[in-house]
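Here is a friendly walk through one model, with the cut-offs spelled out along the way. Please keep the viewer open as you read.

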Amino acid sequence: MGLFRSNQPTRGGFRRASFGTLLFVFGLVTSVFVGIPSLHQSLTKNQTPVTLTCIELLRGGVPEETSMVVLRDAEIHPPAKLDLNAAGFSDSPIGDKVQAVLAYPRASKLVDKLVRGDVLPRGMVKRPGPQPLRLSPGRETAEAATAETIETGALVAHVSEDPTAKYICAIADQFSLPVPEGLRQAAKIPAFSLKPASTISTQQNALMWCVGGGLSLALGLVLCGSVRLGWWSILSPISAFIGLPGVPLRSGRGDRMTWLLSIMIGAAGIAGGYHLAFEMGHLGKTGGVWAWQAAGVVSASFGIAALLGTMLSMREKRHTVSLDHDALSEMVPSVTSKKTSKKQNAPSENTESTDPEPRPAALQSMITSSDYTRRYIDPRLNVSPNMETAADVQKQTESLERLQFDSPLIIEIARGEDTIEATVQVGCRNLVLAMTDCLDDHMRLRMVSILDDGHVVISGNGEDERLTETINGEAASLRTFATTKAPKLVTKHLEVAAEIAERRHTKMVLLEPNEWRDVIHYSERCMADALHYAQREKWEIVDSHYGRFAYPPQPVSAPVMA
């Protein structure tokens, strides 16, 4: 679920996905097979026990009023050395090999955790095969039960149905697998699992196992869901499958509607987990169903993962690029400091161009003296059918993507009979629209920001013949910087935009990526207005509206939620 944008190499993503898978598996095992049974047993430990004999328990099953029983005639048969032949595997070709592996000294601790003692009525001879009354796994459990029956003559235990043999036979029948006859006979007899009361964990420890496992499962989902798909998916398809629910939120994707749906899904998962565990699974009550309880924990973990993924996606969207001591702190110095103001006014090859190339005298004289004024007409904008751009343009757009700008959109800009292709990207917390094109081997860069009073700030790299000098107009402020790199132009543009916004006692407008037509049309009209009043060009400019932007400049409203 997913969730923060990352430019890490694929190998790093593979490591994150692998670690997330380990957390997922660990959380699933501990919460479902350790936490839930321990929590259920600890919650029912204080119930009033019912005194029964072993035969009465087998005939009547688990009492309706309590899960705690006192078996007054119980006799413990501790587990002996694990013998596969006794379980009916004597004819299996791999039985001897498995027996040898389990008998290996290093496997003895694992075997001690798996073996189970049997409970029989006192004086009854144990017969070969699985017994209907068995202790919970662990040699230590059998030792504790033996010590209790020797000391008190009875066994106080938590009892629950044990359908293991039935499940094994049912699964084997589905896949047409052979089942030992002893195990098939045991599946026909009701079986029960007994957990001595003295070995039941405290509620605090059981809750830690259950909650810790659920959070580990949720964190594993988040980590797997936050990694971009790559070649590692072939090597680790399980990790890729676990991370599929996080695709809508991955890498800062999504909008308000996506986040709202994710929050609703997360809340539904948590509420559904409570219903499954407590209402259907009867957690902490008599007649608890382990399967529903486990499903409840898994559902709640998925809900928590959805909420975490939404929070991270929202944080990634909002804090992709910061203007104040964050990801752009090294690129954008403070515009309120006196040092910055002095540096901005000082001439340099990377600062604002204060000595632009003068227009040809004949051309400027003609523009100044002529009374002919053309009516301004918006350029025609269309999405280009081409999927690729020039190599130089692609290099600039990739450098902007590394600054968390959106993926470039290739468009066509037509003025009269002339048509050029350009790329459009929105970034810097959605404060800047970047345009890139290449005309006659000249790379042209332009950055556009809009203040909430409608004023437009436009910065170029000096390659556009209309944007070659500093102009401060009522509708727009134009700036030129001598640089060939888009990241540097972004830095300088943000400095100037922030300074102008501070001077005008306003702030910058958040631009939506789908507003690129309105932003381009509006900024072009405002730039024509600034060039007209600076007597660089002559235009007759009429009022116009572009979405939430209006000329002459008016206060800009907040974007409407889709």
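Ala 414 has Thr 419 in S11 as its bridge partner. Seven bridges connect S10 to strand S11 (residues 418-427), and the two run antiparallel; strands count as paired if DSSP finds at least two bridges between them. S10 and S11 make a hairpin with two residues between them, and Gly 416 in the turn has a positive phi of about 65 degrees. Strands here are DSSP runs (E, at least two residues) and helices are runs of H or I with at least four residues, numbered from the N terminus.

On to S9: four bridges join S9 to strand S10 (residues 409-415), again in an antiparallel arrangement. Asn 382 finds its bridge partner in S10, namely Glu 412.

## About the model

This is a predicted model, in which local features need pLDDT of at least 70 and side-chain atom pairs count only at pLDDT 80 or more, while totals for chains, interfaces and linings use all residues. Residues are numbered from 1 along each chain as its sequence is written, and side-chain values use heavy atoms, with hydrogens and water left out.

## Salt bridges

How many salt bridges are there? The count comes to 16 salt bridges, where a salt bridge is a side-chain nitrogen of Lys or Arg within 4 Å of a carboxyl oxygen of Asp or Glu. One of them pairs Lys 126 with Asp 118, with the closest N and O atoms 2.7 Å apart. Lys 126 is partly exposed, at 38% relative accessible area, whereas Asp 118 is buried, at 5%. For these labels, buried means under 20% relative accessible area, exposed means over 50%, and partly exposed lies in between (1.4 Å probe, protein chains only).

Asp 173 and Arg 184 also meet in a salt bridge, at 3.3 Å from N to O. This pair links helix H6 (residues 164-174), which holds Asp 173, to helix H7 (residues 181-187), which holds Arg 184, and the two residues are 11 residues apart. Asp 173 is partly exposed, at 45%, and Arg 184 is partly exposed, at 26%.

## A link across the chain, and a network

The side chains of Asp 378 and Arg 525 form a salt bridge with an N to O distance of 3.2 Å. Asp 378 sits in the loop between strand S8 (374-375) and strand S9 (380-383), while Arg 525 belongs to helix H17 (residues 516-533), 147 residues apart. Asp 378 is partly exposed, at 24% relative accessible area, but Arg 525 is buried, at 4%. Through shared partners, salt bridges also join Arg 415, Asp 437, Arg 444, Arg 446, Asp 464, Arg 466, Glu 524 and Glu 537 into one network.

## Nonpolar patch

Which residues make the nonpolar surface patch of about 680 Å²? They are Val 25, Phe 26, Val 29, Phe 33, Val 34, Trp 209 and Trp 290. Patch residues have over 30% relative accessible area and no salt bridge, and nonpolar side chains (Val, Leu, Ile, Met, Phe, Trp, Tyr) are joined within 5 Å. Helix H1 (residues 10-43) gives the most, with five residues. Phe 26 lies in helix H1 and counts as partly exposed because its relative accessibility is 48%.

## Cysteines

Zero disulfides turn up in a search of the whole structure, a disulfide being a pair of cysteine sulfur atoms within 2.5 Å. Cys 428 is buried, with a relative accessible area of 2%, and Cys 438 is partly exposed, at 31%.

Note on methods: Patches are made of residues with over 30% relative accessible area and no salt bridge: like charges are joined within 9 Å, nonpolar side chains (Val, Leu, Ile, Met, Phe, Trp, Tyr) within 5 Å. Accessible areas come from the Shrake-Rupley method with a 1.4 Å probe; for residues, only the protein chains shown count as cover.
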